[in-house]
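Subject: Structure for your files

Hello,

Here is the structure I said I would pass on. My notes on it follow below.

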Amino acid sequence: MKFNHSVWNSSVIAIAVGLAAWTLRPMFTNTDFLTWLPALLLVSAVIGALGVLGGLPRLVTTAMQTLGMAALLLWLGFRWAPAPQDPEGSWYEPLILLGGMGTAVVRDNSAPLPSNMGLNWLLLCILALVLLATELLVNALEQPAWSLAPLGVVYGVGAVTLASELDWTAFIAIAAGYGLILLSSTHLAGTGTKRPAFQVSRTAAVVITIGVAALLAPLLSPFVPLGDKQPWLQAGQNAPIRLSDPSILLSENLQRPSEQVVLRYSTDSEEPVYLRTVAMNLLTTEGAGLDSMDLSSRGLEDDYTAPGEEVETQVQIQMPSQYLPVPFAVDSFDADGSWAHDPDTMTIVATGDAAAEQTANLEYEATSTVPNPEREDIASATAGTAPSGEDTLTVPDGLDDAVATLTDSVTAQAATDGERALAIQSFLRSEEFTYSLEAPDEVGIDVISNFLLNDRAGYCIHFAAGMITMARLEGIPARMAIGFTPGERVGDEWVVTTHNMHSWPELYFEGLGWVPFEPTKSVAGPPEYTDPDAPISSPSPSATPSDSAAPSAPPSSAPPEPPEEPTVDPASNDTDDTNRGGWLLLLGLGVLAALPVSLRSLVRLWRLRAGQEPAAAAENAWREVQALFIDTGQKWSTASPVLAAQEVGGNPQKPENVQLATLAGTVERARYARGGADTSELGHQVHAFRKDFLAAQPGDARLRAQFLPKSLLSPRMRRG
């Protein structure tokens, strides 16, 4: 099989890289970066074709492609970059600002990533590097089979980070691009035509190879140290909170003297519904918190399969929020904007450019499967294994030992996990507890201990945290839900206000899934399926407006401040400098890896340059042949050229050995013949010999010769 330097090679490479870039779509909320990608691909394809038609050296053509793509990227960069803070600063400062905008998006968000001009520009730069690497492998180094490496890197990013998002079309796209490269750039040795049977078998091998990689990538993804992309987990003063803490304004909104309408909804259910915004798996010494989310834009209807009643809801929401209030567990929804969901908690998160305000004045519909087990189902239930694992069973260190003793006494008469859960709920709703907004705002471990053992006064977040803690002590997975209680019925719809913000526990049982409970004293009655005989208390006249109920999370009557867009201060020493340093490090590694190949090519071009005196041309040509033997690890002879060719050539019938003998004869005549020799074709002869000689070498020898050429370090080759 021989390399075919076709005028179409660069065009096919551009198509293959374009198909690889297409597989990145699930990683982003929009595909703006694809808008300018065709221009980048066109620059490379046109210059590559012109280089072949004009007979330019391949490295010269590649260099021209690099300059063309760099010019386009610089033009786009300065066009999209924000104005520099210092007008007298460096000329490249706008590009640093632009790159900082892009890296900030990657740093502060989980996939699918919201895009900005900085991220789009960085993606184009990365794809330009992929395009250049593929060009070097296929056209400059004549190794089209290795083009799978850069194409596979693009596919691997999505396969590792969003394995569930890549469907069969991504696999087909990469396989098609790689197959086109092989078909365009190679043909069978000794033939002038391509054999269809061979090409079909080769394409099939390509498909199988990529298929194996596609299957392995998701399996390997848990072992890849990608880092945490949920910055709200460890958000300090200098770390932006990209998703708002759903409990941070709960106390403030419950205590507001006047209520504000948050949303209106209608439902086909006979009963009003709780609208949930988020669920928090974590319960630490500092309180309840968000766990990392593995956001997905597909598969919502298949991610939660527990039984329940199908409920359709139509919502008109006024407040701005990053979370979409829907009845748990949502199966589908129809809402404008960009959204993703967490398969574990079934939380719907806004991912668009205006994520913080995406729900403002939004109308949407949702279909949910709302849990509705019978009381007997709860009473006989066994604690299940929650999908989120140990996070929903962990009891924070530092909890007063008396809490475990109290829990044992409360559940002493219960025979099953379900009965224990009902007993805990009844205990918290008993006369021993009082609803009060005077309790601390947080639910740290000391606050929970004090609430259960001493004060026994608090509002919804304390009752929910208390039940979660006691349930976990009994081995029942539990988490905190944030949202809204049903609100007040007005005509055919329900009106929900800021005073309906609420939190409640969800417990996980085998065969039932996550079951909501209502332990909060004097707020709302427990769900009928958990306590049908308990009276539903009306709000106490002395209670604050929040007594009417309920969940929730994000906003208050005053719209929350949207997260600030990331900015980059070139003079600062914050995380942006780290990101910039990472890009520079990658660039430096790339340049270092390409240095031996580049230097070796430049030396060869210099030795075989036109216009030399015959004797010098012959000497340099023979030195290039000697260097080629050193690069491949072959033995070399110091005899005269003709004798040396006989000693190292081996089988005289092989094409490369015939060419070597011809070369040796020309060099020897140029050295010793009285009339000299015609050396005008020596350069072409050396190139032809090099091509056939490398083709006859084992694959590892070819790779060493091209990427780690020993002749650059050989003392014998430092001259010439």
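Helix 3 gives the most to the lining of the largest cavity, with four residues. Helices (H or I, at least four residues) and strands (E, at least two) are DSSP runs, numbered from the N terminus. A cavity here is a set of points, on a 1 Å grid over the protein atoms alone, where a 1.4 Å probe fits but cannot get out; lining residues have an atom within 4 Å of a point.

Before the rest, two notes on the source. This is a predicted model, in which local features need pLDDT of at least 70 and side-chain atom pairs count only at pLDDT 80 or more, while totals for chains, interfaces and linings use all residues. Residues are numbered from 1 along each chain as its sequence is written, and side-chain values use heavy atoms, with hydrogens and water left out.

Cavities

There are four cavities of 30 Å³ or more, and the largest has a volume of about 60 Å³. A volume is the space filled by probe spheres set on the grid points, which are joined across faces, edges and corners. Two or more lining residues of the largest cavity come from each of helix 1 (9–22), helix 2 (33–53), helix 3 (58–80) and helix 5 (117–140). The lining includes His 5, Arg 58, Gln 65 and Glu 135. By class, one lining residue is nonpolar, nine are polar and two are charged. Nonpolar covers Ala, Val, Leu, Ile, Met, Phe, Trp, Tyr, Cys and Pro, charged covers Asp, Glu, Lys and Arg, and the others, Gly among them, are polar.

Six strands form an open antiparallel sheet in the order 8-11-7-3-16-15. Two strands pair if DSSP finds at least two bridges between them. Strand 8 (330–334) and strand 15 (488–490) are at the edges with a single partner strand each, so one side of each has no neighbour in the sheet. Strand 15 is joined to strand 16 (residues 493–497) by three bridges, and the two run antiparallel. Arg 489 is opposite Trp 494 of strand 16.

Whole protein and one residue

The protein has 20 helices and 18 strands.

Asn 620 lies in helix 16 (residues 614–631) and is buried, with a relative accessible area of 10%. Asn 620 and Leu 682 are 62 residues apart in sequence and 9.7 Å apart in space, C-alpha to C-alpha.

Regards

How values were computed:
1 Å grid on protein atoms, 1.4 Å probe; cavity = no way out; pocket = protein on both sides within 12 Å on 5 of 7 lines; lining within 4 Å. Buried < 20%, exposed > 50% of the residue type's maximum accessible area, 1.4 Å probe, protein only.
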